[in-house]
Amino acid sequence: MTADHLREKNIMRADFNKTNELLKEINAALQVSLEEMEEKYLMRESKPEDIQMIAELKSLLSERDQVIKKLIEDNKFYQLELVNRETNFNKIFNTSPTVGVINPLAKVSVRCMCMCSRNLTAGASITHCCVPCNSPKDVLLRVKLPRWLLQIPSARSGLPGTSHFE
């Protein structure tokens, strides 16, 4: 039995080795086929729809580039035109313009409607101003009103020359 057993064992080993060699050959062939497929996939042709879309996008991009270049040129032209017109305007009307002198945050002082005492006419009655003026020469010209009317604040605020804004 040992001889039969050894013979069967050797036959089985030979079959196994043949099958193993065959599998290695198949594996190598599949590996080569896989590499060829990967190369073919990487080098594949583009779809017609993709080529058309790329062409449309390129034309759209070139059109936008032209529009941007035109806008940049127009912007430069208008900047130069603005400088030219400002220089001509300053040459004609003013040699040294003062730009930015108005301060919108500054307080505006509005004085009352007072007149200098030398401008008084004869017969006009002079009373004191409701709030002292900045200059001692300034006095308020107004018609003499009854004292009780001057003591009402709401009536005084509507009289001309009695309101002060600072």
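Let me start with a definition. Rings of Phe, Tyr and Trp, the last by its six-membered ring, pair if their centres lie within 6.5 Å; planes under 30 degrees apart count as stacked, over 60 as edge-to-face and the rest as tilted. By this rule, the count is two aromatic pairs.

Take Phe77 and Tyr78. Their ring centres are 5.3 Å apart and their planes stand at 65°, so this pair is edge-to-face. A word on exposure: buried means under 20% relative accessible area, exposed over 50%, and partly exposed in between, with a 1.4 Å probe and protein chains only. Phe77 is partly exposed at 48%. Tyr78 is exposed at 55%.

Now Phe89 and Phe93. Their pair is tilted, with 4.7 Å from centre to centre and 45° between the planes. Both sit in helix α2, residues 48–93, four residues apart, so about one helical turn separates them. Helices here are DSSP runs of H or I with at least four residues, strands are runs of E with at least two, and numbering goes from the N terminus. Phe89 is partly exposed, at 48% relative accessible area. Phe93 is exposed, at 60%.

Before we go on, how the model was handled. This is a predicted model, where local features need pLDDT of at least 70 and side-chain atom pairs count only at pLDDT 80 or more, while totals for chains, interfaces and linings use all residues. Residues are numbered from 1 along each chain as its sequence is written, and side-chain values use heavy atoms, leaving out hydrogens and water.

One more ring. Arg44 lies over the face of Tyr41, 4.2 Å from the ring centre. The rule for a charge over a ring: NZ of Lys or CZ of Arg within 6 Å of the ring centre and within 35 degrees of the ring normal.

On to charges. How many salt bridges are there? The count comes to three, where a salt bridge is a side-chain nitrogen of Lys or Arg within 4 Å of a carboxyl oxygen of Asp or Glu.

Arg7 and Asp4 form one of them, at 2.4 Å from N to O. Both lie in helix α1, three residues apart, about one turn of the helix. Arg7 is exposed at 51%. Asp4 is partly exposed at 44%.

Lys70 bridges to Asp74, with the closest N and O atoms 3.0 Å apart. These two are in helix α2, four residues apart, again about one turn of the helix. Asp74 is partly exposed, at 26% relative accessible area.

Then Glu81 and Arg85. Their closest N and O atoms are 2.9 Å apart in the salt bridge. Helix α2 holds both, four residues apart, about one turn of the helix. Glu81 is partly exposed at 24%, whereas Arg85 is exposed at 58%.

Last stop, the surface. Which residues form the nonpolar patch? Leu22, Leu23, Ile26 and Leu30, with about 390 Å² of accessible area together. Patches take residues with over 30% relative accessible area and no salt bridge; like charges are joined within 9 Å, nonpolar side chains (Val, Leu, Ile, Met, Phe, Trp, Tyr) within 5 Å. The areas come from the Shrake-Rupley method with a 1.4 Å probe, and for residues only the protein chains shown count as cover. Leu23 is in helix α1, residues 2–42. Leu23 is also exposed, at 52%.
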